[in-house]
Amino acid sequence: MRKSLELQRELGPVFDVTLDAEDGAPIGGEAEHAALIAELLTSPANAHGRVGARVHPVDHPAFEGDVATLVGRAGARVAYLMLPKVNGAADVERACRAIDEAAAAAGLERRIPLHALVETHAALREVDALAAHPRIESLSFGLMDFVSAHRGAIPGSAMTSAGQFSHPLVVRAKLEIAAACHGRAKVPSHCVVTEFNDDVAMRAAATRAAGEFGYTRMWSIHPSQIRPIVAAFSPSAAEVDEAAAIIDLAIAAQWAPIRRGDVLHDRASYRYFWAVLERAHRTGGALPSDLRRRFFSEEPTR
């Protein structure tokens, strides 16, 4: 956890850190682990205010303790709370009630944003309702739990960096999550690559997640994976240059249609190229200085 926070401090808020109170906690030590996370959230290590925490599932005995500790001690500093193993919108509502009660008890007025992991059959059936929930900012695909939920019907190879992009049931789940998020203006976050020492596999998976499956974020399970993920989800210098040139021409034409080379562009394509510039800004990429001054703050934002 500390290594990830140090790297975020170094690179800036171009990625979030989610401190894990669920699988990261030893059995019997859940309360102590939640207290450690709360301490980190309120410490100078949380330099950019982009650190969240994953709590236990809403039906787990440790859920209420997680919420009481994290919201009560660090509710003003936690960027979001991640809900694992939700089975639908009812679980999100149950979590909202517990979190808001803890916030009220701590004298907090903010409504803490929520992220959710889609890793069960029930959650996938309700994925659009989850994406539509007003408290949900992002949905993530939980690959390993999703495969395990099929009780051997999906082979273990589907949890590998290569197999997860070829098994039809896994591919279906990824696409439905991405489509639901984009349809509701939420952030789809791709699942992990467990081979954390295989840089080639990591880069290939991140490139496919961004370029073929429509994901705009991706989980890492080790700090060594963060830089390759940020690079894969950042537009190339050529893409940024092309987008900047087209937006400049569009502004000069007061957003009327333009011609660049032998290609016509209008407001439909302007929206795409503007999104390229936004993505470059969010990931800390280089932008033409005049565009940065005109349209973006000095520091990259989420």
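Residues are numbered from 1 along each chain as its sequence is written, and side-chain values use heavy atoms, with hydrogens and water left out. Because the model is predicted, local features need pLDDT of at least 70 and side-chain atom pairs count only at pLDDT 80 or more, whereas totals for chains, interfaces and linings use all residues.

The description begins with the sheet. Helices (H or I, at least four residues) and strands (E, at least two) are DSSP runs, numbered from the N terminus. Seven strands make up an open sheet with parallel pairing, in the order β1-β2-β3-β4-β5-β6-β7. Its edge strands are β1 (17-20) and β7, each of which pairs on one side only; two strands pair if DSSP finds at least two bridges between them. Strands β2 (residues 51-54) and β3 (residues 81-83) run parallel and are joined by two bridges. Ala 53 has Leu 81 in β3 as its bridge partner.

Helix α8 (residues 168-183) lies across β4 (114-118), β5 (136-141) and β6, and runs at about 170° to β5. For this angle, axes are lines fitted to C-alpha atoms, for helices over the stretch in contact, and angles run from 0 to 180 degrees between N-to-C directions. Lys 174 belongs to α8. This lysine, Lys 174, counts as buried because its relative accessibility is 0%; buried means under 20% relative accessible area, exposed over 50%, and partly exposed in between (1.4 Å probe, protein chains only). Leaving aside residues up to four places away in sequence, Lys 174 touches Phe 141, Gln 164, Phe 165, His 190, Cys 191, Phe 213 and Tyr 215, where contact means heavy atoms within 4.5 Å. The C-alpha atoms of Lys 174 and Gln 164 are separated by 9.4 Å, and the two residues are ten apart along the chain.

Helix α9 comes next. The 13 residues of α9 (residues 199-211) should span 18 Å at 1.5 Å a residue, and the end C-alpha atoms are 18 Å apart, which agrees; the expected span is 1.5 Å times one less than the number of residues. Ala 201, Met 202, Ala 205, Ala 206 and Ala 209 are buried in α9. Seen down the axis of α9, the buried residues fall within an arc of 125°, so they line one face of the helix; the arc is that of the directions from the helix axis to the C-beta atoms. An α-helix has 3.6 residues a turn, so residues three or four places apart point the same way. Val 200 and Gly 211 are exposed on the other side of α9. The cover over the buried residues of α9 includes β6 (187-190), β7 (217-218) and α10 (226-232). At the start of α9, a side-chain oxygen of Asp 198 comes to within 3.3 Å of the backbone nitrogen of Val 200.

Three further residues complete the account. Ser 4, in helix α1 (residues 2-11), counts as buried at 16% relative accessibility. Arg 151, in the loop between α7 (143-148) and α8, has a phi near 50°, a positive value in a residue other than glycine. Arg 151 counts as exposed because its relative accessibility is 80%. Trp 255 is not a glycine, yet has a positive phi of about 70°. Trp 255 is found in the loop between α11 (237-252) and β8 (258-260), and counts as partly exposed at 36% relative accessibility.

Technical notes: Polar contact = N/O pair within 3.5 Å; in protein donor to acceptor, adjacent residues only side chain to side chain.
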